Amino acid sequence: SQMKELIYKFYCLIYESDFSLAKKRALLTAVMAYEQWSWRVVGITEDAIRVIARNGFRKPKHALARDHTQPRAITYTKVFCSGLMPFEEWWNWIWTHDKTILMTNKEHNSKNVSKVYPVDPGVGLFRSTGLVGWRHTIAIEGEFVRQLTNQYSIKIV
């Protein structure tokens, strides 16, 4: 798509700059943000399901995080330290490593993660709305979580 090609042009400009690696990673993070497909959710933890269910299947404030399956620092370091990647190689690397798991902040901070249930990213659940935010409605994401609690007999209390 044109957007991916434009983001790749930014990547090339950032790559060729004399910025520090940390600044390059921060700039690429900003360029990649605000796309509905960025930080796509491919799983949700049982503890996150419980927190959402206890909140009436609404998005709880300040309780959840999307955790990259591979830290962005590692993903972005590779694209800046392995030579300038051609578009297809760059996009495939970014896409493969931009996956996240929706979990509680406690799980995110401790890295002690409860059971993970798959989320089909093609359905468009928990889509990005900015750098760290995501879309969550009772009718769509809340209903998905309700179905998980029923399907897997997840105890809410």
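Me: What volume does the largest pocket have?
Reply: This is a predicted model, in which local features need pLDDT of at least 70 and side-chain atom pairs count only at pLDDT 80 or more, while totals for chains, interfaces and linings use all residues. Residues are numbered from 1 along each chain as its sequence is written, and side-chain values use heavy atoms, with hydrogens and water left out. A pocket is an open set of points on a 1 Å grid over the protein atoms alone, where a 1.4 Å probe fits, with protein on both sides within 12 Å along at least five of seven lines. Taking volume as the space filled by probe spheres set on the points, which are joined across faces, edges and corners, the largest pocket comes to about 250 Å³.

Me: Which element gives the most to the lining of the largest pocket?
Reply: Lining residues, those with an atom within 4 Å of a point, number 15 here, and Trp-39, Ala-65, Arg-66, Asp-67 and His-108 lie nearest the centre. At least two lining residues each come from β2 (64-68) and α4 (72-81), where helices (H or I, at least four residues) and strands (E, at least two) are DSSP runs numbered from the N terminus. The largest contribution, five residues, is that of β2.

Me: Which strands stand at the edges of the sheet?
Reply: The open sheet has four strands in the order β2-β3-β1-β4, with mixed pairing, two strands being paired if DSSP finds at least two bridges between them. Two of these strands each have a single partner, so one side of each is left without a neighbour in the sheet; they are β2 and β4 (116-118).

Me: Which residue in β4 does Thr-45 stand opposite?
Reply: Strand β1 (residues 41-45) pairs with β4 in the antiparallel sense, over three bridges. Within β4, the residue that stands opposite Thr-45 is Val-116.

Me: At what angle do α3 and α7 pack?
Reply: Ile-49, Ile-52 and Ala-53 in α3 meet Val-145, Leu-148 and Thr-149 in α7, contact meaning heavy atoms within 4.5 Å. Axes are lines fitted to C-alpha atoms, for helices over the stretch in contact, and angles run from 0 to 180 degrees between N-to-C directions. With the axes 10 Å apart, helix α3 (residues 46-54) and helix α7 (residues 138-151) pack at about 115°.
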